[in-house]
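User: Hey, I'm new to this one. Can you put it up and walk me through it?

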Amino acid sequence: MAQNRKKTGTQLTGRIVFPDNPSYNAARMEFNRRFSKFPRVIVFCRRTQDVINAVKWARERGVRLRARSGRHSYEGFSTVNGGIIIDVSEMNKVKVDRKNRVAIVQTGNPLARVYRKLWNKRVTLPAGTAPDVGVAGLTLGGGIGLLSRKYGLTCDNLKQVKMVVASGRYGAKAIVANSRKHSDLLWASRGGGGGNFGVATAYTFRVRPISSVSIYSITWKWADLEKVLPAWQCWAPSVTNRLTSTIEVSAKQVGTIVSTGQLLGGAEELRRLIRPLLRTGTPIKVMVKTVPFIEATRFFAESDLNLEPKFKITGAYGFQPLPREGVRIIRDFLSKAPNRHSTVWSQSLGGAGSAVSRVAATATAYPHRKAEIIYELSARWRNNKEQQRNIRWVERFRRALRPFVKGDYVNFPDLQIKNWPKAYYGGNFRRLKRVKRKYDPHNVFRFAQSIPVGRKAKG
């Protein structure tokens with residue numbers, strides 16, 4: 001009994017939301033409304049000590065916990081029934097040191113806020129496009145976006161992480177991981193996925209000067225699919241790494257293919273660079289212009305707004321252009337899509353001396369360095385009765401494409417992937433298990449696809 005009393009001493013601090021609180025329903029919601037879970041308590045932390053207290057409170061009581069920032073986990077890993085959600089979204093300071101080109105960014109910041117705060121000092125960070133994605137999970141899983149080919153992934157620009165980790169039997173403490181101390185935890189935080197080792201509270205990033213960029217958008221009709229997709233796949237990795245581009249093929253009901261991209265350079269150069277695309281098929285709409293960088297982030301964010309509330313997504317990597325059969329599979333699946341909200345989206349990553357591919361596969365926990373293209377297959381819906389049909393379509397689509405693609409991006413998690421350790425982490429999984437064992441030996445930070453505690457090596 002004395003031991004039990006000793007165990008239950010920590011009080012929760014921060015903004016605490018219990019089920020009887022009027023704001024509980026809004027507080028428990030995930031971005032993907034396919035998930036509706038009912039945590040025992042949600043703690044909105046305002047400082048690191050609130051996070052430490054929440055982890056200790058959970059451990060003392062044997063309560064399951066989840067870390068949460070932007071709520072964008074595609075499989076709802078940042079929520080839990082009957083447990084505690086440790087939410088850092090109210091920890092959102094951004095401090096920029098332009099002279100030394102670094103920024104300290106608390107992990108509760110959504111991307112739109114990070115871009116805005118950095119833009120005020122005319123610097124930026126290569127990161128994603130969705131404005132409300134949390135910088136925490138994005139970075140921990142890798143972080144791809146429209147500056148990736150020139151400046152690398154978000155995690156490649158992470159110099160230091162402050163993280164609350166489990167300590168002893170029931171405790172918690174904040175530690176700092178950088179190249180000098182806890183360098184193995186920094187390595188794991190650069191692509192090892194969110195929520196595996198502790199609760200990240202602040203990042204130190206290298207930032208880059210930025211002013212204006214040039215952007216393009218080209219739209220084709222669906223009939224051009226078998227010309228346009230192969231042309232883009234050959235062109236996108238071979239063009240200058242100052243240009244990162246995307247292509248999205250919509251369901252046949254929508255009937256469009258849209259390619260967009262961003263160049264660190266002027267509109268005239270961009271028009272010249274996209275000429276191979278303009279000569280393919282019959283473009284029905286073309287836009288090329290130079291804009292302030294912050295305006296470009298808003299332009300790319302538009303495609304992530306006003307989407308259907310429930311979705312199933314899976315990902316894969318392309319190491320060479322799809323053969324004709326692969327393109328046909330995309331055409332066939334999108335011809336029979338469950339509804340008009342189904343798409344295949346791709347972004348260029350590697351090729352042409354890309355900053356992503358220049359990093360060794362084992363230098364960070366993110367292993368897919370030689371991939372030229374990333375794919376995202378998605379289905380979205382509103383009514384629950386449509387759910388199974390959409391999920392099954394995505395799963396069948398993934399299996400059909402498997403001969404031509406490899407792996408998956410940990411930020412596009414998919415519970416239907418059986419061998420997810422290999423898909424997400426490749427050859428880095430064994431080392432990630434060792435890091436897990438060192439920093440979270442009691443497996444406090446666990447969820448459906450969390451990194452397991454590795455076995456102790458025999459001495």
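Predicted model: local features only at pLDDT ≥ 70, side-chain atom pairs only at ≥ 80, totals over all residues.

User: What's the volume of the largest cavity?

Analyst: About 80 Å³. On a 1 Å grid over the protein atoms alone, a cavity is a set of points where a 1.4 Å probe fits but cannot get out, a pocket is an open set with protein on both sides within 12 Å along at least five of seven lines, and lining residues have an atom within 4 Å of a point. Volume is the space filled by probe spheres set on the points, which are joined across faces, edges and corners.

User: Which helix gives the most to the lining of the largest cavity?

Analyst: Helix α11 (residues 293-301), with three residues. Helices here are DSSP runs (H or I, at least four residues), as are strands (E, at least two), numbered from the N terminus.

User: And the second largest cavity, what's its volume?

Analyst: About 30 Å³. Its lining includes Leu140, Met163 and Phe197, and divides into four nonpolar, six polar and no charged residues.

User: How about the second largest pocket, which residues are closest to its centre?

Analyst: That pocket holds about 520 Å³ of space. Of its 24 lining residues, Arg402, Lys406, Gly407, Asp408 and Ala423 are the closest to the centre. The lining has eight charged residues, along with nine nonpolar and seven polar, and α13 supplies the largest share, four residues.

User: Switching topic: why does Ser378 count as buried?

Analyst: Because its relative accessibility is 3%; buried means under 20% relative accessible area, exposed over 50%, partly exposed in between (1.4 Å probe, protein chains only). Ser378 lies in strand β18 (residues 373-381).

User: Where is Arg59 found?

Analyst: In helix α3 (residues 48-61). Arg59 is buried yet has no salt bridge, meaning a side-chain nitrogen of Lys or Arg within 4 Å of a carboxyl oxygen of Asp or Glu.

User: How far away is the nearest side chain of opposite charge?

Analyst: For Arg59 that is Asp440, 6.2 Å away. Lys and Arg count as positive and Asp and Glu as negative, with His and the chain ends not counted.

Definitions and conventions
Residues numbered from 1 in each chain as written. Heavy atoms only, no water. Nonpolar A, V, L, I, M, F, W, Y, C, P; charged D, E, K, R; others polar.
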